[in-house]
Amino acid sequence: MKQSEGLHTKITQKHNGASIIERPKERGTSNHLHQTPPPRRPPRSLLIPVAMAATATWQPQEQGFKEICGLLEQQISHSSSADKAQIWQHLQHYSQFPDFNNYLAFIFSRAEGTSVEVRQAAGLYLKNNLRSTYKSLLPAYQQYVKSELLPCLGAADRHIRSTAGTIISVVVQLGGVSGWPELLQALVTCLDSNDLSHMEGAMDALSKICEDIPQVLDAEVPGLAERPINIFLPRLFRFFQSPHASLRKLSLGSVNQYIMLMPTALYVSMDQYLQGLFILSNDPNSEVRKLVCAAFVQLIEVRPSFLEPHLRNVIEYMLQVNKDTDDEVALEACEFWSAYCDAQLPPENLREFLPRLIPILLSNMAYADDDESLVEAEEEGSQPDRDQDLKPRFHVSRFHGSDEIDDDDDDVVNTWNLRKCSAAALDILSNVFGDEILPTLMPIVQAKLSTGGDDAWKEREAAVLALGAIGEGCINGLYPHLAEIVAFLIPLLDDKFPLIRSISCWTLSRFSKFIVQGIGHPKGYDQFDSVLMGLLRRILDDNKRVQEAACSAFATLEEEAAEELAPRLEIILKHLMLAFGKYQRRNLRIVYDAIGTLAEAVGGELNQPVYLDILMPPLIEKWQQLSNSDKDLFPLLECFTSIAHALGTGFSQFAEPVFKRCINIIQTQQFAKADPVAAGVQYDKEFIVCSLDLLSGLAEGLGSGIESLVSQCSLRDLLLHCCVDDAPDVRQSAFALLGDLARVCPIHLHPRLSEFLEAAAKQLEISKVKEAISVANNACWAIGELAVKVRQEVSPIVLTVISCLVPILQHAEGLNKSLIENSAITLGRLAWVCPELVSPHMEHFMQPWCTALSMIRDDVEKEDAFRGLCAMVKANPSGALSSLVNMCTAIASWHEIRSEDLHNEVCQVLHGYKQMLRNGAWDQCMSALEPPIKEKLSKYQV
């Protein structure tokens with residue numbers, strides 16, 4: 001049957017334009033209706049305008065109705081005999097018919113003899129189906145579905161009303177409100193009806209529209225004198241005082257959705273809104289109190305000026321509800337303190353409340369009895385992880401440049417709760433008020449720490465958490481006592497309660513920067529060593545939660561300590577490899593991270609046989625155990641990337657199997673993308689990204705030593721494929737590898753050089769830059785690396801690239817710092833290798849280019865860019881005349897030009913302009929410079 005035909009009907013046009021339904025004959029049946037009449041239509045609500053009730057003349061066929069009801073019933077049944085996949089296929093088959101949605105709408109809204117569960121299932125299936133098919137439905141069928149939904153707003157059953165609201169919101173998302181004027185009329189009619197079912201049904205639908213697509217109600221609607229929000233807002237405010245908690249909750253939640261958008265209607269009614277919030281602030285319903293807190297938090301974030309006249313009252317209220325018996329209300333209130341500090345409002349408004357606020361935060365930092373961490377803390381390390389324990393992990397693609405990507409994740413369990421929110425608030429308060437909070441805080445912390453007995457362990461744990469929370473903000477006041485704090489924390493690493501052991505690891509890690517700084521002081525190294533050995537001891541704890549905390553804390557210590565770890569490398573490696581043999585899958589990822597961080601921290605120190613003999617055999621054994629489609633390979637690939645980078649040429653002995661496997665993984669995944677069945681694995685781009693990054697690590701580590709491996713394989717073609725992949729993170733890592741290979745073995749890129757250059761240049765088009773700035777950054781860097789190696793061979797793309805780089809430099813504000821730096825360097829490198837192509841356009845970009853050059857730190861890349869500057873000036877001296885001040889500022893940004901020949905070239909450029917600008921013009925240029933810049937230029941004898 002063609003998909004244009006219905007389950008049983010076709011619409012034909014009568015001469016008067018009204019549509020009539022003809023039922024085509026089925027083989028072996030008469031043209032009459034089946035004997036069983038379709039279910040009786042329930043009486044429609046009198047509140048719904050009749051015009052809506054009498055829309056289309058579509059009628060279901062009994063057989064189709066029964067079959068779909070039967071399938072839905074089986075679909076929701078809990079019986080194990082039901083073949084869900086087969087039922088799903090049947091429903092999918094039906095969904096190909098154009099009037100399938102009509103059947104679902106009919107079952108949902110009218111099938112009174114059918115169970116509410118089946119009707120609800122029809123509604124949810126309808127919602128999902130409309131998402132993909134609504135826009136392609138016949139207008140008559142769209143209208144039919146809409147007309148069936150509206151009567152359900154007042155349905156007797158709450159589940160039907162709620163499902164109707166969900167579907168209505170989806171229809172509005174897909175078709176807007178202007179195409180459904182009856183909806184607005186129906187909502188208003190129901191809201192004004194005084195019938196609880198109708199008011200709740202309309203309010204439910206309205207709240208979902210406000211949550212999903214709030215902007216549609218704050219737009220002009222043809223045929224309406226005012227925006228819908230102006231019609232609804234007074235009614236929502238009125239419901240703030242409803243005797244029904246459900247209406248108070250839904251109306252307040254709906255208005256809160258507009259705080260960020262702040263339509264004029266809400267702006268001019270702000271006093272009424274705030275008045276409503278104060279009335280609801282002590283509502284008996286906890287959901288309502290939670291929404292009041294959420295409103296104050298959002299207002300302080302986006303419109304603090306509205307709250308300023310009421311600030312004392314709001315703070316008093318937040319202090320009160322921060323102790324609410326309902327933890328969710330207290331959590332919402334607790335968000336206020338961080339939001340207040342983030343909004344950079346005057347700290348003095350909060351200062352007088354600190355003696356009352358800090359004790360509340362501390363008391364909320366103790367574990368609640370139902371905290372899931374208490375259950376997890378009982379798990380011994382020998383218990384295998386369940387699948388749900390393995391949280392999804394995200395690999396960060398390689399990025400060339402100065403912007404650090406912050407992936408700091410202090411807390412290893414991700415459920416946000418009152419305890420964590422309170423600790424975060426204390427952290428931010430300590431950063432705003434510093435040591436001022438210590439006189440209030442420390443007596444409470446000391447009292448909690450000194451409580452004895454097993455019953456009080458949660459109090460002791462909260463006190464250790466508090467010390468960690470203030471570890472950065474109050475360090476000036478704490479530093480004189482750091483030795484005592486550390487001496488107190490180290491025994492807690494061996495506490496009988498696992499959660500005290502784990503929080504002590506975290507708190508020590510918060511002080512690690514200062515512990516490392518103290519190494520040079522008397523007893524400073526002993527203190528560092530006792531922390532290091534204490535954390536290593538906990539890495540081998542039998543409790544999973546402690547293992548995780550200790551490993552993460554140790555990685556933080558490694559980053560701070562760097563080369564100070566060298567004397568202890570052997571014992572560190574032995575502990576990490578024991579953990580490697582002991583840990584279950586989830587914590588194994590953290591060991592990989594600790595090993596990778598160690599490699600980055602100590603660098604070439606690792607390159608000694610005694611260390612490699614401990615480190616590499618277990619990693620290689622694990623590497624051989626895992627298949628190419630096992631996701632546990634990701635963290636191992638990342639770990640190898642760090643080791644290859646650290647070992648440099650020392651990694652040569654391990655390089656070949658690692659290199660070949662990366663190539664193999666990329667090939668398999670590219671094949672799987674095209675044909676997963678033939679490849680035998682599901683496509684997952686992360687395998688490609690991790691493999692490309694490991695190849696980059698090899699290229700950086702081995703240098704030209706990688707050439708023999710590249711020459712024997714198809715890496716060039718695979719890499720080109722990745723450079724044009726549709727996934728930005730694949731392209732990002734591909735261009736990073738392209739630049740790394742350009743540095744060490746450009747000869748192997750030659751045969752497809754023009755294609756690589758074109759692919760990279762395409763990433764710099766302004767639309768692409770906005771879409772994926774990190775890809776543009778790496779592509780830009782790779783073009784520069786290729787340019788200095790292949791020289792004149794980049795000439796075909798030079799002007800294309802320059803035309804993309806100039807707008808980036810001209811609109812530098814708001815763009816990523818690395819992209820600006822790489823754009824300036826690549827432009828300079830292209831000018832160095834092709835000055836005759838670039839110099840005629842100098843005057844268009846000299847000013848922003850020189851500004852960007854003056855921000856770059858001294859290094860080889862900056863030298864290349866200035867060689868380009870000198871080459872252009874030689875080719876077109878007049879091109880820089882109008883930007884001389886900028887050029888002198890850029891030259892003065894050098895701390896020292898180490899390359900003698902470049903230093904001489906820069907001297908020649910300056911002297912050339914001095915001779916060229918006669919009659920006081922040179923002196924005039926010099927007088928426009930700041931004194932420190934003039935002083936720096938004196939080393940060039942001008």
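Buried means under 20% relative accessible area, exposed means over 50%, and partly exposed lies in between, with a 1.4 Å probe and protein chains only. This is a predicted model, in which local features need pLDDT of at least 70, side-chain atom pairs count only at pLDDT 80 or more, and totals for chains, interfaces and linings use all residues. Residues are numbered from 1 along each chain as its sequence is written, and side-chain values use heavy atoms, with hydrogens and water left out.

**View A. Asparagine 194 sits in the loop between α8 (181–191) and α9 (196–212).** Helices are DSSP runs of H or I with at least four residues, strands are runs of E with at least two, and both are numbered from the N terminus. Asparagine 194 is exposed, because its relative accessible area is 69%. Its phi is near 70°, a positive value in a residue other than glycine. Most residues other than glycine have a negative phi.

**View B. Glutamine 344 also has a positive phi, near 55°.** Glutamine 344 belongs to the loop between α17 and α18 (348–351). At 72% relative accessibility, this glutamine counts as exposed.

**View C. Serine 338 lies in helix α17, residues 327–342.** Is serine 338 buried or exposed? Serine 338 is buried, because its relative accessible area is 14%. Contact means heavy atoms within 4.5 Å. Leaving aside neighbours within four places in sequence, serine 338 is in contact with Ala424, Ala425 and Ile428.

**View D. Lysine 523 occupies the loop between α27 (512–517) and α28 (524–539).** With a relative accessible area of 70%, lysine 523 is exposed. Lysine 523 and alanine 483 are 40 residues apart in sequence. In space they are 9.2 Å apart, C-alpha to C-alpha.

**View E. Arginine 510 forms a salt bridge with glutamate 472.** A salt bridge is a side-chain nitrogen of Lys or Arg within 4 Å of a carboxyl oxygen of Asp or Glu. By this rule the count comes to 47 salt bridges. In the pair shown, the closest N and O atoms are 3.6 Å apart. The pair links distant parts of the chain, 38 residues apart. Arginine 510 is in helix α26 (residues 498–510), while glutamate 472 is in the loop between α23 (457–469) and α24 (475–478). Arginine 510 counts as buried at 9% relative accessibility. Glutamate 472 is partly exposed, with a relative accessible area of 43%.

**View F. Arginine 743 forms a salt bridge with glutamate 861.** Their closest N and O atoms are 3.5 Å apart. Arginine 743 is in helix α39 (residues 728–744) and glutamate 861 in helix α47 (residues 860–875), so the pair ties together parts 118 residues apart in sequence. Arginine 743 is partly exposed, at 36% relative accessible area. Glutamate 861 is buried, at 15%.

**View G. Arginine 867 forms a salt bridge with glutamate 863.** The closest N and O atoms here are 3.8 Å apart. What separates arginine 867 and glutamate 863 in helix α47? They are separated by about one helical turn, because they are four residues apart in that helix. Arginine 867 is buried, with a relative accessible area of 13%. Glutamate 863 counts as buried, at 13% relative accessibility. Salt bridges that share partners join Arg743, Glu785, Arg829, Glu861, Glu863, Asp864, Arg867 and Asp901 into one network.
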